[in-house]
Amino acid sequence: MKLTSRFRRLLQRPGSIDLGPYEKLTALVAAAEESLQELTDDELTEVVTEMRKPEALDEDDLIEFLALAREAGKRAIGERAFDGQIVGALALLRGRIVEMATGEGKTLAGAFAAAGYAMGGHRVQVMAVNDYLARRDAEWMGPVYKLLGISVSYIGQASTPEERREAYQADVCYAPVSELGFDVLRDRLVDDVADRVTVKPDVALVDEADSVLIDEARVPLVLAGATRTEELDDNVVALVRTLRARIDYEIDGDGRTVALTDKGTDKVEEHLGGINLYEDENLEQLTQINVALHAEVLLRKDVDYLVRDGKVNLINNSRGRIAKLQRWPDGLQAAVEAKEAVPVSDSGEVLDSMTVQALVSSYPTLCGMTGTAVVVGEQLQEFYKVEVAVVPPNKPNVRVDEQDRLYLTVEQKNKALVEHIAEVHETGRPILIGTHSVEESEQLSDLLEAAEVPHVVLNAKNDAEEAAIVAEAGVPETVTVSTQMAGRGTDIRLGGRDESHDKDRAVELGGLYVIGTGLHASRRLDDQLRGRAGRQGDPGGSLFFASLADELVTRYSVTSGLRPSPDENGRLTDRKAIGMLEHSQRVADGANAELHRTTWSYHRLTGQQRAILLDTREKVLTEDLAADELAERAKERYDELVEEIGEDKVKDAARKIALHHLDRKWTDHLAYLADLREGIHLRSLAGGIVHLKPIDEFNKSAIASFDDLIADAWKEVAETFTEAEITEAGLDEAASGVPRPTATWTYLVNDNPFGTEADRILGRLRNAIKPESAAQAEEIPEEEFEDLPEELRDLDDDDLPEELREADDDLPEELRDAGDDLPDDLREVDDDELPEELREADDQDEKK
């Protein structure tokens, strides 16, 4: 492992941080610990309190503090931190993203780091992935913080404004990342400083950092204001259900968009009374048809959403559970609700929006922890400028990861999967099965019932029971079927939660056996599932089943050149087929990274513009900028009102009018940008060739729209002030035409429903070489490939179908298969990545 780490550092690969300095400090922490055992609890707290200072702890103080923290952990919750946890805490205190395997004690290491930052005068916000984990960790670590004299709190969806305000004042506050973002959005729109709840951002310590910083970063947070209820015409829903695939509408190769054919358009127009759908007066009907078609054809119940308690609930694809605050853009949300015949939820206009990346980047100090950081190390460096430190496990990992089993069809895969589960279950070994969706988990449950395999199911329909179900998954004879395990936050101990249910037998049987029903779009998610087995040196095993008909392969690979040769059970073992599976995952990973870049690209300029507007808004809110402006722009009216009702009341009215128009202008600007982005790709296409980059065209239009926004707002402020109803009772907001929103709510919105430019180019490439395609292969100019992300551009010969490959198959098998035993990240190293002295070395010993 140390050799691998050194090689990583030589190549400057993710996870290459040298842990040597941290390990030396950890040894000194152990030495300092001995002298603290005689202290009483009160004396320990007093020593820590005396160490607090307004600046970061120096090295000597840090050693003493971590020794005190380790002692506090042992006394308060009965856990003496391992050396690896101390190393992890030190890395966090140096602003790193720490990779620690599941079960290695990230929560305690994070608490030590949070307390260490607090000791240096910082306020720390620990970002969790959900309410349950935020509350659990705050309560679990509470006794440790108390013994260290550090205040701790947590925030959840149900927290009141007063509870939030109080929680943010604590030294350490645990909260879901979405709640932190929503509080920032709400604070941006207050018209009185006293209504704010947040504090100035200081230190962000991110739990499940890869999930929050990479996965959640693709889903912007939105604050909306009530305007109307947007219902879809029942006739439109009924009409769309009569349309036929490939006749009345077509779905693109990636399954992301659907559009009417000419025949479908004629059918719809005839049904609607012979109208022309594309005339201006029929735009609303055309929009309703399109969103209803999207909802009917592309969004799947129990995969993309489920219906619970008469409401449509979106499913978080990265965690397999309900995304309680997530919804589609309003028209699409209403279309799905109409499709499922449930009441249509309130619609509204976007008052403000921000990405998780923008939120996290506002903190001067960022650190985090997760079990799978190296895989996304380059993205963490690209987007957040943070490095990954890999902390070795306290005990060696002895889990056995079997080679993936690949089948030709889904049916053959499922048959083999159920047979294997039944076979392993007969031995009594505990099994955890990871599925991709609610639908898949329920289908597998039906198959297991038919095979008479007793089991429990954990998915988005019963996620409230998740902790209890997951905690008992290590008991012998137990079969647990679960959707995504990322962010579950509960250790699976052999023998159950208290290790009292036949732990020794579970160990003898080989420990927890993890089975995946298909590869995920990211290897990182596979690793998270595998990591549930083999915690703290326990035995364990993992095996993934897959098929060439899985969505991962059909969506992200070109399989036309593959000539599979399955055995009698449909299993494929040839190198090319397995390589196709691995290639699909690499492309999917690349596409998701590109989606993150796209989201950030479109939101970066918006964030900069919002910062400019917020600077003006802050001066209006906290200073007399509005009064000063109006004393100049509407002097006569201003002086008259000052004389009638007094300067303070006039200033208050001026402030409220100015805040209304600034907020109104921003809301209108966001609506314009949303419409602009939806159609921006049309500007960049001519004859199928990309001439202009959509992001450049978007930025040009966005800048032009924003240029006069603040100036125009001040003009409207002066006009309103001249006509406003202002008396000794203050400003009558409704009568003056400056009302506040009657209600506001927050949600997350899927940001890129139509795919990226890379998706479209990849789709064209796939369609161009499909032998069954009726269309002629379309020539794709070289310059068009420049818009592809690097992950998709650098495909090698093995990634292409056989007819496009020029590889020399005459190489001996032992040379072609060389390197299969190396780690993935070292196997892909090419000469250009080696230092010059190794590339050009002539000395034979140096070469060796």
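Modeller: The model discussed here is a predicted one. Two packed helices are described by the angle between their axes and by the distance between those axes. Helix α23 covers residues 575–622 and helix α27 covers residues 694–707; their axes come within 9 Å and cross at roughly 15°. Angles under 35 degrees count as roughly parallel, and therefore α23 is described as roughly parallel to α27. The crossing of these two helices is right-handed.

The contact itself can be followed residue by residue. On the side of α23, the residues taking part are Ser601, Tyr602, Leu605, Gln609, Ile612 and Leu613. On the side of α27, they are Pro694, Ile695, Phe698, Asn699, Ala702, Ile703 and Phe706. Sorted by class, the contact of α23 with α27 has 10 nonpolar residues, 3 polar residues and no charged ones.

Side chains of opposite charge can pair when their charged atoms come close. Across the whole structure, a search finds 52 salt bridges.

One of them joins lysine 74 to glutamate 71, with 3.4 Å between the closest N and O atoms. Both residues belong to helix α4, residues 59–77, and they stand 3 residues apart, about one turn of the helix. Lysine 74 counts as partly exposed because its relative accessibility is 32%. Glutamate 71, in contrast, counts as buried because its relative accessibility is 3%.

Another salt bridge pairs arginine 136 with aspartate 137, the closest N and O atoms being 2.7 Å apart. Arginine 136 has a relative accessible area of 21%, so it is partly exposed. Aspartate 137 has a relative accessible area of 3%, so it is buried.

A further salt bridge brings together the side chains of aspartate 215 and arginine 524, at 2.9 Å from N to O. This pair links distant parts of the chain, since aspartate 215 lies in helix α10 (residues 209–215) and arginine 524 in helix α21 (residues 523–530), 309 residues apart. Both aspartate 215 and arginine 524 are buried. Elsewhere, salt bridges that share partners join Glu33, Arg70, Arg80 and Asp83 into one network.

Two individual residues complete the account. Lysine 665 has its place in helix α26, residues 647–684. With a relative accessible area of 18%, lysine 665 is buried. Residues up to four places away in sequence being set aside, lysine 665 touches Leu709, Asp712, Ala713 and Glu716.

Leucine 731 is found in strand β27, residues 730–731. Its relative accessible area is 12%, so leucine 731 is buried. Between leucine 731 and alanine 654 there are 77 residues of separation in sequence, while their C-alpha atoms are 8.7 Å apart in space. When neighbours within four places in sequence are left aside, leucine 731 is in contact with Ala653, Lys656, Ile657, Ala724, Glu725, Ile726, Ser736 and Val738.

Terms used: Residues are numbered from 1 along each chain as its sequence is written. This is a predicted model: local features need pLDDT of at least 70, side-chain atom pairs count only at pLDDT 80 or more; totals for chains, interfaces and linings use all residues. Side-chain values use heavy atoms; hydrogens and water are left out. Axes are lines fitted to C-alpha atoms, for helices over the stretch in contact, and angles run from 0 to 180 degrees between N-to-C directions. Helices (H or I, at least four residues) and strands (E, at least two) are DSSP runs, numbered from the N terminus. Angles under 35 degrees count as roughly parallel, over 145 as roughly antiparallel, 65 to 115 as roughly perpendicular and the rest as oblique. A crossing is left-handed if the near helix is turned anticlockwise from the far one by less than a right angle, and right-handed if clockwise. Contact means heavy atoms within 4.5 Å. Ala, Val, Leu, Ile, Met, Phe, Trp, Tyr, Cys and Pro count as nonpolar, Asp, Glu, Lys and Arg as charged, and the others, Gly among them, as polar. A salt bridge is a side-chain nitrogen of Lys or Arg within 4 Å of a carboxyl oxygen of Asp or Glu. Buried means under 20% relative accessible area, exposed over 50%, partly exposed in between (1.4 Å probe, protein chains only).
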